[in-house]
Amino acid sequence: MAAMLFVMVGGAVLPMLGSDIEGGSLSMGALEDGGPGGAVPAQMTVSVEEGIEGGAEMEVVEMKHSPEKKRRVRIYSQKFRKEWLHLKEFQGWLTEGITDDRAHCTVCDKELLAGKSELLKHSRGKKHRTRAAKSNPNPPPVQHGLSRVIDEDGMPHLLRIVDLRSDTVTQPSREMKKAMMEATLGDDVFSEDPTVKTLEDRVAQMLEKEAALFVPSGTMANLICVMTHCWGRGSEVIVGDQSHLYLWAQGGMAQIGSVHHRTIKNLPDGTFSLNEVRGLVRDEHDPQSPLTSLICVENPHHNAGGKAIPLNWMDELGALCSELGLPLHCDGARLINASVALGTSPARIVQACDSVSLCLNKGLGAPMGSLVIGTKEFIAKAKRLRKVLGGGLHQSGIVAAAGLWALDHVAPRLSWDHTHARALAQSVCEEHSSAVTVDLKDVHTNVVLLHCDNIRVNAKKLCQRLASVTDEESDELSEQIVVMALAISDTTVRLVTHCDIRKEDVRSATRKLKYVIHEYDNMMYLEYKISV
Amino acid sequence: MADLAGETMNGGGGGGGEIKVGVGGKTRVGEEGGVGVGAKIRVGEEGRVGVGGKTRVVDLRSDTLTYPSLGMKTAMMEAILGDDVLGEDPTVNALQERVARLLGKESAAFLPSGTMCNLIAVLLHCDRRGGEVLVGDNCHIYRWEQGGIAQFGGVHSKSLKTHPDGTFSLTELRQAVRADNIHFPRPSLVCVENTHNMEGGKVLPLSWLDELSVTCRELGLPLHMDGARLLNASVSLGVSPERIVRDFDSVTICLSKGLGAPVGSVLVSSAAFIERAKRLRKGLGGGMRQSGVLAAAGLYALQHIYPRLSEDHKHVQIIAKAVNECVGGAVTCDPSGAHTNILMLTCDPARITPAQFCTRMEKVGEGEEAALGERVSCRLISINDTTVRLVTYKDISLDDVEALVKKLVYVIKGIA
């Protein structure tokens, strides 16, 4: 098959999603391990047009009553007016901007100053008119979600890129950015940022704990929690052998925290045997043993496929920890997803936990940030650790505001991500293929794990194929669809839905999945040998 | 009562803030504080707003209090973003390239804080067991980073006596770099701080830096510069940042201080070093996602705020001169010792302690409003039992400086 390989390195997508940057060419280099397996490295040049348009500012000049009649000019801040949306010249491309003195051109995907003459000037510009004609030869609506990309040969393509690599790729929406712009700020190192304080109080309350601490990442949140619980030398933590803390935190607990760990076998549902836990707890009188200081649980369990841990098991684990006199930490990076899946409040899930880490930068869609939640005393120590690790930020309210907005506007819609994930899984099930399989009942939240048979296709090949578009495919589907996914093992491909994945994206992704699986099913024996 | 329109900006400090007011018509809020018809109003600690009669708060505790302007925030919101852990945030990449070029180095990494930059630099230079870093005894890494290099890196510090000009003796350095002996840790790195914060924002002499680098080359030791306020040094010397750090293997530079960005610092070095730095950044928990939103502020700062840093230095000189003119006062300073945007005031503890002085400066005393023509509250920091520090930055206007000076002179003259 004649395959045109598109490797969507992040930069190829972004110019269409974000605003313009200075004109020029962005050359995107090879994508290295974005995870195990990763996408295929290739060189792609993306052509980005134009810089930012804007009107000239007028300066204030002293009023002089002189024969020369010097004019007094005021600096204006023209606000966007809704009545403009009804004007013929503005229809099909004009919408409100991220602040009330800005407008947005959906055709050029650009923020403009909200002055009527500015907007008219923009609409008459050659580039705008060319784009308006190209993107859709017929009048509105402008199609959303398509990216215009130019390949190595200089050919332009209109692609639908569905980025399911992770829910960390979420971009802040215009409304979220508005909230960030309007946030009141202060220096959080002096504990004077009111927006950060509001976020911390809000999340503490949500989880019914005493206090919370805003930190730059989930990795730091977990690291801080482990180190705070294991404040003394010679500590040991019991942690699931498939957990993020054990596998994906660069061994930070040991490297940075000087804390040893003991793994316990994770079961397919993300839990572990409580009896086995008892057996792992150390004898404090044995000088050969470190001191067991903490037990960690991950909910939802990402590696197990985003599984929400059963509530009764969490309660039993909590009871066991109480009995053993050991604290319990919950890596709740995607806790809100678990809460939606279980139909219970996040506070209820972590009731028995002494500390929790929660991420704002994943499905909740904030650009960065996570929280540590615990008692007041715990958070005081955690704050100290945050500083020494280098996580003490200054006017961080600007990003905390994004977190607050996310809790209000994105958290309530998380069930859509789960619905979308199920739709993707369903589409694979419907093919009844032996090449690529998925268990629908394993899809609890926004994660789908596809299993490859390793005969016709392995995980790496599947990711490559999903990120490519062939001529036959684009003829049959009447659309050029790129699905970005991650190979998390030799045979498992992970898809993660999130708030930037719209219904149209899901529809296209399911069509693509079915098409590709169909291809594998129809593969002749000879091709097996070639492809693997 | 004036009509309130426009934005509220928190000018830092408890309850402090500023509201730009336009009476009728439209007001545009600019970086300097906005222009419009109407009075500039300061929200005092009581939090009440109105025209006239309220307190002007001049917060000089640190240049970390810099507030992102509207222009900066707009740049942040318009930035193109991506997942920086995957290396896909073009704004972060652009900032890193820009700063690396500015310092004449191969590569750079955007980090959440200067503390993390220094921590990573030391841990990477001293990545074998039993290492030792040679540092000035009054530097930030030694005094103000919670001993992180020991706590996380197992790195020992050998402190060298800091001179008032921020340097240390190269003879002492040579003596401190001891021969290989089973009793001694292995010297692995030498660190300097430029500008030197605790010595009053002093700019290290270029000639000393050159001698230091020759010495370290002879001793086979790498050099790291904590250049949190490097650009202040560059502006003060009239020398490019590249020249200052020419012989340094790694450099920390902060965007969140006088440069005015809300968050962030950059570690600069060779490509290989930065690759390792990014790895350690992830392990420490500094791997951020769409951090281009913060990097955009850094880019804006380099373009718009960096060119005006000398204003902050001028403001310090105005303040220093005024204090100096209070002959026989309980509080004195040395204007020639104020190279950049930091001023150290020395209190005669027999007459007034630094803590008392700070409290006095913050309070609006009896009769003061009448004497000064307005209510002024100044926030300073007491560093030790004889010294008070003040730091100027872009949000401290000339008006604020003049009010501060009036208050300083008034208070100093009022001390027995």
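**Salt bridges and an annotated lysine in a predicted model**

Good morning. I begin with R246(B), which forms a salt bridge with D210(B), their closest N and O atoms lying 3.3 Å apart; the term denotes a side-chain nitrogen of Lys or Arg within 4 Å of a carboxyl oxygen of Asp or Glu. R246(B) sits in the loop between helix 9 (241-244) and strand 10 of chain B, and D210(B) in helix 7 (residues 206-219), so the pair ties together parts that are 36 residues apart in sequence. Helices (H or I, at least four residues) and strands (E, at least two) are DSSP runs, numbered from the N terminus.

This is a predicted model, in which local features need pLDDT of at least 70 and side-chain atom pairs count only at pLDDT 80 or more, while totals for chains, interfaces and linings use all residues. Residues are numbered from 1 along each chain, chains are lettered from A, and side-chain values use heavy atoms, without hydrogens and water.

Over all chains there are 47 salt bridges. One of them pairs E78(B) with R102(A) at 3.2 Å, N to O. E78(B) belongs to helix 1 of chain B and R102(A) to strand 5 of chain A, so this pair joins two chains. E78(B) is buried at 10% relative accessibility, where buried means under 20% relative accessible area, exposed over 50%, and partly exposed in between (1.4 Å probe, protein chains only).

Finally, UniProt, in an unreviewed entry, places "modified residue: N6-(pyridoxal phosphate)lysine" at K257(B); such annotations may be inferred rather than shown by experiment. K257(B) is buried, at 15%.
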